[in-house]
Amino acid sequence: MLELSIKGTKRYYGWLALLLGLAGVGFLVYLKQLDFGLGITGMNRDVSWGFYIANFTFLVGVAAGGVMVVLPYYLHDYKAYGKVTILGEFLAIASVVMCITFILVDLGQPMRVMNVLLYPTPNSVLFWDTVVLNGYLFLNLIIGWNVLEAERQGVHYQSWLKPLIYISIPWAVSIHTVTAFLYCGLPGRGFWLTAILAPRFLSSAFASGPALLILLCLVIRRVSNFDPGWKQIQSLAVTVAYAICINVFFLLCEVFVAFYSQIPEHMDHLKYLFVGLHGHGAYVPWMWTSMTLMVIGIILLVNPVTRKNELTLIAGCICVFFGCWIDKGMGMISGGFVPNPLHEINEYIPTLLEGLITIGVYALGFLVLTLLFKIAVSVKEEVGA
Amino acid sequence: MDTSRRRLLQLLGLSAAALSAPPVLDALAAAPPAAEPKIGTAKEALTAKQWAMVIDTRQFKKEDDVLPLIEACHKIHNVPKIDFKRWEIKWIWSTEYQHAFSGTASTRFLSEEVEHRPFLVLCNHCENPPCVRACPTKATFKRESDGIVMMDFHRCIGCRFCMAACPFGARSFNYRDPRPFIKETNQLFPTRMKGVVEKCNFCNERLAEGKLPACVEASDGKLKFGDLFDEKSEVRELIKTNYTIRRKVNLGTEPAVYYIV
């Protein structure tokens, strides 16, 4: 099937070349980072995780979001999703590839990464994150590839895949739960120390993942002869609508607990993000942009008229996607680290160089995504689905 | 054609497995060396069940009083002096009461003297350290023999999970090569490379030679050091006879640095 990924139109090759170019630029800047150290980023003693980990966290959500098509199809026999399940699985693969790359570029000593396996440490959440992310990658690779191949041959997929498919469903939940546990189990970080962090991560995952999938389906409709189906897109849109509502609800729960209890250690981070603290407020415009985007997303996707209109559906999905990206990416990281444990404020602003590396990682992910989607779409065209 | 390619790949896979098997088998089957080398303890070494420090902050009036202590520590441990704030490395430093005890004690209406007194802060060598819990490679660990929270600079992968986990901001990361910023290198202590985390080690290298930590030695008795679980130790006597506070005890990490205010 692999050969399908390298047979395309000129436009397809052009897109691949663009992604390769961006990934190449990112790689060159990464060589610079490897040589100099993480000092080329804006990270510091107080904000010791930055843009890389922010994007990692967000993309774990996009990966987990794929389960929103896998679960109805395999568990509830929702036949319509037969057309898009493979897209959800392949999106998960590309997202996990980006997640793992982001972790690697964030390491101070990446050549020692195998120490995580040489000295396995079950009490470290990062150890478990390594396990679940790699597990999820392999599950989706095995399942997606074999099911697609079976479809191409016109046979039912192998029966041994069934248990793996069932395992992959809770596994998707686990990747984002474990990622939330990276943050919410740390004493002294009031912004993260909340039991609702994992549920909140999941709700934004089930909003942003399917929102991206809808946008990708609409692209596929334009550029190929395979139609993922308007009905499928509409079902996904309902999922996004519910999930983004729940996400905003969870966020408001956080705000209530912090501001009604009036415990400074919980309030100050939110204040820093939304109104600024002691004259520092680099993220205030970003956070309000995020809130506005999520609210517009809710309005456009909950209302059936705008949800069923392709143009407003696209706008709604874009709003949800970027609203979640800000909220769960930089908002989560910067909000957690500022103010620091000594209640001092050192703000973090990403540098141009770490921005270029980040774009490079995204380009790599979209390259993987493009190749995988090309295979999937070609197979679907072949069998005339 | 398709089958032959598959066959070829299978053969390649099998060959790779066959080639990599012997080293693995060797490693598993190798007999342990007859006598494991043992790490001994020098006769003069200082030992304890849990090392602890008591800082008599009343005796520090102004910044000049703490600088020699910080200097002594940073000098013997090859801690670089980098002026660019983002790359800063520090093992022990001083801060104001409101920052040292943020979330711990009342910081309002203090006497002018207490408000601006320099408070030394460093790794607390917690009895229940969250950084050790977080580390994915055991590069930071709590030494069982004396409770010191130590770092293996050669195992650290630089993920900085320990920095997020530490509620005292005690850890620094080498955002770049620190060596050009060390004025005089102490050849008896390792320098670090870029990409690893570091912090105060309670001078475990000095304790092994029977010496007190550098900051304690330089403090003229304002800092006391001893075994927390030895009833007769000086630190226990001080904790018993003075009112002491520790940073963020509500988090349950049990810091081993006590402050007399």
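Helix 3 of chain A and helix 7 of chain A cross in a left-handed way, meaning the near helix is turned anticlockwise from the far one by less than a right angle. This is a predicted model, where local features need pLDDT of at least 70, side-chain atom pairs count only at pLDDT 80 or more, and totals for chains, interfaces and linings use all residues. Residues are numbered from 1 along each chain as its sequence is written, with chains lettered from A and ligands numbered from 1 in the order in which they are written.

The axes of those two helices come within 10 Å and cross at roughly 145°; they are lines fitted to C-alpha atoms over the stretch in contact, with angles running from 0 to 180 degrees between N-to-C directions. Here is who touches whom, a contact being two C-beta atoms, placed from the backbone, within 7 Å.

| Helix of chain A | Residues in the contact |
|---|---|
| Helix 3 (residues 67-75) | V67(A), V70(A), L71(A), Y74(A), L75(A) |
| Helix 7 (residues 161-184) | I165(A), S168(A), I169(A), A172(A) |

That contact has eight nonpolar residues, one polar and no charged (Ala, Val, Leu, Ile, Met, Phe, Trp, Tyr, Cys and Pro count as nonpolar, Asp, Glu, Lys and Arg as charged, the others, Gly among them, as polar).

Zooming out, chain A holds 15 helices and zero strands (DSSP runs numbered from the N terminus: H or I of at least four residues, E of at least two). Its C-alpha trace spans about 65 × 50 × 40 Å along the principal axes.

And the partner? 40 residues of chain B are in contact with 33 residues of chain A. Helix 6 of chain B gives the most to its side, with four residues. By class, that side of chain B has 18 nonpolar, eleven polar and eleven charged residues.
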